[in-house]
Amino acid sequence: MTASKVTSRSMMNQSIFLGRQKNLKARMDNRFATALVIACVLSLISTIYMAASIGTDFWYEYRSPAPENFSDLNKIRDEFFDSDPDEKTYNDLLFRYNGTMGLWRRCITVPNKSIWFSSPEKTESSDMITECFSLTLSDQFMEKFVEPGNHNTGIDLLRTYLWRCQFLLPFVSLGLMCFGALIGLCACACRSLYPTIATGVLHLLAGLCTLGSVSCYVAGIELLHQKLPVPEHVRGEFGWSFCLACVSAPLQFMAAALFIWAARTNRKEYTLMKAYRVA
């Protein structure tokens, strides 16, 4: 009788232990699943923002009064679309004609081509269009000079490398996030959270690259305006493409923190549960 009571009690204790273990595991799985879902959403949003900022032309915008006339329109267009761009010339045009700058293109607002050869009178805003010039890879790696437009003043190494970093780092950031997403898919296929540490680290590096790109762009713009001051009647401001890159960086850091937290905490609690089961 005593032996049967002991056996039934031990079976009851074992069932209680198994029930508690299942409840604990369910709570753990819910926490980690929630963290991973939030991290994936943040990662997706930051990727979309980063891709949009790279592909659009509104990192920096100039706002200037409409010119009284558009004489020498052919000359303006030839200077702006010159295959060997002069930094001072095209920046003067950006100042005068409501220019916008992206990582790969620069744009000005000019009369429609249909009225390009019309009389040099003040053109209505409805007849204005945006003309853009795409920068080639060689243009991106072109040296910047101490005095913009003057090739005899020597190379300004600081502005040159800031310019190169500001367009290279966003692509590095985007590539790191895509590689991190690939590792995350492999982790799902393996049904293990531990590889998501690598995903978190890659998102952290991507956030640093995005932050570095934004910093390089701001520093480059400030140095450019020291060399070529913006006219008094022209207002310069950072555009929405730049804002998307700024927002993308903290989203990447938050996603990285959640990925790393979920992987490390899951590993620790799994180790503790295994040790408790052995004991």
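# Chat about helices and rings in a predicted model

Colleague: Hi! How do the axes of helix α5 (residues 157–190) and helix α6 (residues 196–227) meet?

Modeller: Hello! In this predicted model, the α5 and α6 axes come within 7 Å and cross at roughly 165°.

Colleague: Parallel or antiparallel, then?

Modeller: Roughly antiparallel, because the crossing angle is roughly 165° and angles over 145 degrees count that way, which is what α5 and α6 show.

Colleague: And is the crossing left-handed or right-handed?

Modeller: The crossing of α5 and α6 is left-handed.

Colleague: What sort of residues make up the contact of α5 with α6?

Modeller: That contact divides into 21 nonpolar residues, eleven polar ones and two charged ones.

Colleague: Let me pick a residue in α6. Is Leu202 buried or exposed?

Modeller: Leu202, which lies in helix α6, is buried: its relative accessible area is 11%. Leu202 and Phe179 are 23 residues apart in sequence, and their C-alpha atoms are 7.7 Å apart in space.

Colleague: Good. Stepping back a bit, how many helices and strands does the protein have?

Modeller: There are seven helices and five strands. Along the sequence the pattern reads α-β-α-α-β-β-β-α-α-α-β-α. Of the 279 residues in the protein, 38% are buried.

Colleague: Now rings, please. How many aromatic pairs are there?

Modeller: Counting ring centres that lie within 6.5 Å, the model has eleven aromatic pairs. One of them is Phe58 with Trp240, a stacked pair at 5.5 Å centre to centre with 25° between the planes.

Colleague: Where do Phe58 and Trp240 sit in the chain?

Modeller: This pair links distant parts of the chain, 182 residues apart. Phe58 is in the loop between α1 (2–55) and β1 (60–63), while Trp240 is in helix α7 (residues 240–278).

Colleague: What are the relative accessible areas of Phe58 and Trp240?

Modeller: Phe58 comes out at 29%, so it is partly exposed. Trp240 is partly exposed too, with 42%.

Colleague: And what about Tyr60 and Tyr62, what kind of pair do they form?

Modeller: Tyr60 and Tyr62 form an edge-to-face pair, with 5.2 Å between centres and 65° between the planes. Tyr60 is buried at 6% relative accessible area, and Tyr62 is buried at 0%.

Colleague: Which residues do ring pairs link into a cluster?

Modeller: The cluster holds Trp59, Tyr60, Tyr62, Phe95, Tyr217, Phe238 and Phe242. Phe95 also turns up among the buried residues of helix α3 (residues 87–96).

Colleague: Which other residues of α3 are buried?

Modeller: Besides Phe95, the buried residues of α3 are Glu87, Tyr90, Asn91, Leu93 and Leu94.

Colleague: Tyr90 interests me. What lies over the face of Tyr90?

Modeller: Arg106 does, at 3.8 Å from the ring centre. There is also Arg164, which lies over the face of Tyr161 at 5.3 Å from the ring centre.

Colleague: How accessible is Asn98?

Modeller: Asn98 has a relative accessible area of 23%, so it is partly exposed. The cut-off for buried is under 20%.

Notes: Residues are numbered from 1 along each chain as its sequence is written. This is a predicted model: local features need pLDDT of at least 70, side-chain atom pairs count only at pLDDT 80 or more; totals for chains, interfaces and linings use all residues. Side-chain values use heavy atoms; hydrogens and water are left out. Rings of Phe, Tyr and Trp (its six-membered ring) pair if their centres lie within 6.5 Å; planes under 30 degrees apart count as stacked, over 60 as edge-to-face and the rest as tilted. Helices (H or I, at least four residues) and strands (E, at least two) are DSSP runs, numbered from the N terminus. Buried means under 20% relative accessible area, exposed over 50%, partly exposed in between (1.4 Å probe, protein chains only). A charge sits over a ring if NZ of Lys or CZ of Arg is within 6 Å of the ring centre and within 35 degrees of the ring normal. Axes are lines fitted to C-alpha atoms, for helices over the stretch in contact, and angles run from 0 to 180 degrees between N-to-C directions. Angles under 35 degrees count as roughly parallel, over 145 as roughly antiparallel, 65 to 115 as roughly perpendicular and the rest as oblique. A crossing is left-handed if the near helix is turned anticlockwise from the far one by less than a right angle, and right-handed if clockwise. Ala, Val, Leu, Ile, Met, Phe, Trp, Tyr, Cys and Pro count as nonpolar, Asp, Glu, Lys and Arg as charged, and the others, Gly among them, as polar.
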